[in-house]
Amino acid sequence: MTTAAVPSLRQDAQVIGLVGIAHGISHFFHLILAPLFPWLKTAFSLSYAELGLLMTVFFVVSAIGQALAGFVVDRVGAHRVLFCGIGLLGLSALLLSQAQNYPMLLAGSMLAGMGNSVFHPADYTLLNKRVSTARLGHAFSMHGITGNLGWAAAPVFLTSIAGLSSWRVALFSASFVAFAVLLLMFVYRDVLRTDEHRSAAKHAEAGSGHVLDFMRLPAVWMCFAFFFITAMALGGIQSFSSSSLRALYGMSLASATAGYTAYMLASAAGMVWGGFLAAKTMRHERTIAFAFTAAGLFALVVAAGVVPPMMAVVLMGAIGFGAGIAGPSRDLLIRAAAPKNATGRVYGVVYSGLDIGLSMAPLLFGALMDADHPAWVFIGIGIFQSMAIVTAVGVGTNTARNAKTAAAA
């Protein structure tokens, strides 16, 4: 914290709640189109490749925008950038609801990607600046949970309305969700102000070198690699875990979907526990290593196809629980590696690795499924989670070494 006063529990709770709601709406818009693919395919006579391109465009635009948004956050304030992002999400849903052709769908997906790009640099800057250090682990835990809830809510919301009315009404309704969240944020805008922190940051920047100096730090690029690798694993889970389970175990669609649901719910539970673990240790890379080692081993067991189908569903939950435990420690690890007054820039750059990974994972795992290698979906997930351990340990070791050097100096 850069202010003298320690935030109260009430202020911390308000900031965590508001930022969590904003994060939930961003994840809701990750799936603004995917649940409606059956309707869009028929309405516009689209191929699966054209439908998939809509998602790729979203994440590519978000990745590029996210790296740039961090600089804007550090310059004009996180809450202003956050408001713009939520507004762009609402406008994208309006545009998509009125789409008359495929180019309009692409434009709407691009606009949604632009809106999504601001959330991680803005959210984490707000949490780091406005929440007391003792509660940051729980803040990051809640941030991850609300994101999962957004993912879970979108398919139910959109398909229910589309089934009762039309896909256009579903998207039009989604725009109201975004604008309602924007109104809530505006009402409580004073809770989210970081003007005093931004002024201090500008003063510090005057004598702290070039604005891009942070990009010379090895820890920043190790964090980027960590997010890219973990996103590849997450992308495999989101895109093809259900299809792989059906091919490996002969499951029904309902049972395979239950496996993905178990992953998401257990991941949320893991984040809660991970918040308590993160609050009790300074060596966050050790928590990440333990969690991903367990998750990777469970993924390999699923890939082997040696357990009963229902046990595979349970193991999906175990994989999610491990990934969830790592979440809060991951965010605190990045916070420790980030230079002072460069929070937005660092989170923007490293989190762009998440979007890049999510845009590339469906291509890799889809090719494995097309080649009739469903087991390799879970083998790949396990490999990526193991690779993430290496980068996390590298970040933690580098940060600890730098801290000792600074203390000695």
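Student: Is Leu68 buried or exposed?

Tutor: This is a predicted model, and the answer comes from relative accessibility. Leu68 reaches 54%, so it counts as exposed, the cut-off being over 50%. Leu68 is placed in helix H3.

Student: How many salt bridges does the structure hold?

Tutor: There are two salt bridges. In one of them, the side chains of Asp12 and Arg135 meet, with a distance of 2.5 Å from N to O.

Student: Which parts does the pair of Asp12 and Arg135 tie together?

Tutor: Asp12 belongs to helix H1 (residues 9-30), while Arg135 sits in the loop between helix H6 (119-130) and H7, so the bridge ties together parts that are 123 residues apart in sequence. Arg135 counts as partly exposed at 27%.

Student: Where is the other salt bridge, and what is the distance between the closest N and O atoms?

Tutor: That bridge joins Arg193 to Asp190, and the closest N and O atoms are 3.0 Å apart. Arg193 is partly exposed, with a relative accessible area of 27%, whereas Asp190 is exposed at 53%.

Student: Let us turn to empty space. How does one find where empty space is left?

Tutor: The general idea is to roll a probe the size of a water molecule over the atoms, which shows where empty space is left. In this structure, three cavities of 30 Å³ or more are found. The largest cavity contains about 440 Å³ of space.

Student: Which residues lie nearest the centre of the largest cavity?

Tutor: Trp151, Leu234, Met271, Arg330 and Leu354 lie nearest its centre, out of 29 residues that line the cavity. By class, this lining has 16 nonpolar, 12 polar and one charged residues.

Student: Which helix gives the most to the lining of the largest cavity?

Tutor: H10 gives the most, with six residues. Among the other elements that each supply at least two residues are H1, H6, helix H13 (309-337) and H14.

Student: How much space lies in the largest pocket?

Tutor: The largest pocket holds about 1700 Å³ of space. Its lining is made up of 44 residues, and those nearest the centre are Ala34, Phe37, Gln238, Ser239 and Phe240. The lining residues divide into 28 nonpolar, 13 polar and three charged.

Student: Which helices each supply at least two residues of the lining of the largest pocket?

Tutor: They are helix H2 (37-44), helix H3 (48-76), helix H7 (136-164), helix H10 (218-249), helix H11 (253-279) and helix H14 (343-370).

Student: Finally, let us consider the backbone. What is the phi of Ser45, which is not a glycine?

Tutor: Ser45 has a positive phi of about 55°. Ser45 is located in the loop between H2 and H3, and is exposed, with a relative accessible area of 63%.

Student: Where is Asp372 placed?

Tutor: Asp372 is in the loop between H14 and helix H15 (375-408). Although Asp372 is not a glycine, its phi is positive, at about 65°. With a relative accessible area of 60%, Asp372 is exposed.

Technical notes. Residues numbered from 1 in each chain as written. Predicted model: local features only at pLDDT ≥ 70, side-chain atom pairs only at ≥ 80, totals over all residues. Heavy atoms only, no water. 1 Å grid on protein atoms, 1.4 Å probe; cavity = no way out; pocket = protein on both sides within 12 Å on 5 of 7 lines; lining within 4 Å. Points joined across faces, edges and corners; volume = space filled by probe spheres on them. Helix = DSSP H or I, 4+ residues; strand = E, 2+ residues; numbered from the N terminus. Nonpolar A, V, L, I, M, F, W, Y, C, P; charged D, E, K, R; others polar. Buried < 20%, exposed > 50% of the residue type's maximum accessible area, 1.4 Å probe, protein only. Salt bridge = Lys/Arg side-chain N within 4 Å of Asp/Glu carboxyl O.
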